[in-house]
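Biologist: Could you take me through this one slowly, starting with whatever I need to know before looking at it?

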Amino acid sequence: MLVNVSQDWANIVRDRRSDLGLTQADLARRIGRARQWVVRFESGHAGSASVDSLLAVLNALDLYAEVDTAEDETDSDPMFMDVVDPWDEPRAQP
């Protein structure tokens, strides 16, 4: 998934947390933050999160991010992050 704005992060985290059956309090405990921090993050305030906090969230939810340059020079943002659920990756057939 291509991430362009902080609301994209919020949606990814909320959806993945829900898919894993975790509450906001569960995620907060896993990353060592207050539940209110998770509430704010999932409400679209992800832009104020530190890189360390974002990485803690990704690790807690078994997600990873790839940073790359934009392929289309007309993009308004020259960098983007693609968040990938490792379980969505195609698996090689034996």
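Modeller: Let me begin with words: helices (H or I, at least four residues) and strands (E, at least two) are DSSP runs, numbered from the N terminus, and an axis is a line fitted to C-alpha atoms, for helices over the stretch in contact, with angles running from 0 to 180 degrees between N-to-C directions. This is a predicted model, in which local features need pLDDT of at least 70 and side-chain atom pairs count only at pLDDT 80 or more, while totals for chains, interfaces and linings use all residues. Residues are numbered from 1 along each chain as its sequence is written, and side-chain values use heavy atoms, with hydrogens and water left out.

Biologist: Let's do helix packing then; at what angle do α1 and α3 pack?

Modeller: Helix α1, which covers residues 6-19, packs against helix α3, residues 35-45, at an angle of about 130 degrees, and their axes are 7 Å apart. That makes α1 oblique to α3, because angles under 35 degrees count as roughly parallel, over 145 as roughly antiparallel, 65 to 115 as roughly perpendicular and the rest as oblique.

Biologist: Which residues make that contact?

Modeller: On the α1 side they are S6, Q7, W9, A10, V13, R14 and R17, and on the α3 side F41, E42, S43 and G44. By type, the contact of α1 with α3 has four nonpolar, four polar and three charged residues, where Ala, Val, Leu, Ile, Met, Phe, Trp, Tyr, Cys and Pro count as nonpolar, Asp, Glu, Lys and Arg as charged, and the others, Gly among them, as polar.

Biologist: With charges there, how many salt bridges does a search of the whole structure find?

Modeller: The search finds three salt bridges, each being a side-chain nitrogen of Lys or Arg within 4 Å of a carboxyl oxygen of Asp or Glu. E42 and R17 form one of them, at 2.7 Å from N to O, and this pair links distant parts of the chain, since E42 is in helix α3 and R17 in helix α1, 25 residues apart.

Biologist: Are E42 and R17 buried or exposed?

Modeller: Both E42 and R17 are buried. R14 also takes part in a salt bridge, with D15, and there the closest N and O atoms are 3.8 Å apart. R14 is partly exposed, at a relative accessible area of 31%, and D15, which sits in helix α1, is likewise partly exposed, at 41%.

Biologist: How far is D15 from E42, going by C-alpha atoms?

Modeller: Their C-alpha atoms are separated by 9.5 Å, although D15 and E42 are 27 residues apart along the chain.

Biologist: What about D26 and R29, where do they lie?

Modeller: They both lie in helix α2 (residues 24-31), three residues apart, which is about one turn of the helix, and their side chains meet in a salt bridge of 2.6 Å, N to O. D26 counts as partly exposed at 22% relative accessibility, whereas R29 is exposed, with a relative accessible area of 60%.

Biologist: Is Q24 buried or exposed, and why?

Modeller: Q24 is buried, because its relative accessible area is 18%. Leaving out residues up to four places away in sequence, Q24 touches R17, R35, V38, V39 and E42.

Biologist: Last one: how does α2 pack with α4?

Modeller: Helix α4 covers residues 51-60, and α2 packs with it at about 115 degrees, the axes being 9 Å apart. L27, R30 and I31 of α2 make the contact with A56, V57 and A60 of α4, and the residues of this contact divide into five nonpolar, no polar and one charged.

Definitions and conventions
Contact = heavy atoms within 4.5 Å. Buried < 20%, exposed > 50% of the residue type's maximum accessible area, 1.4 Å probe, protein only.
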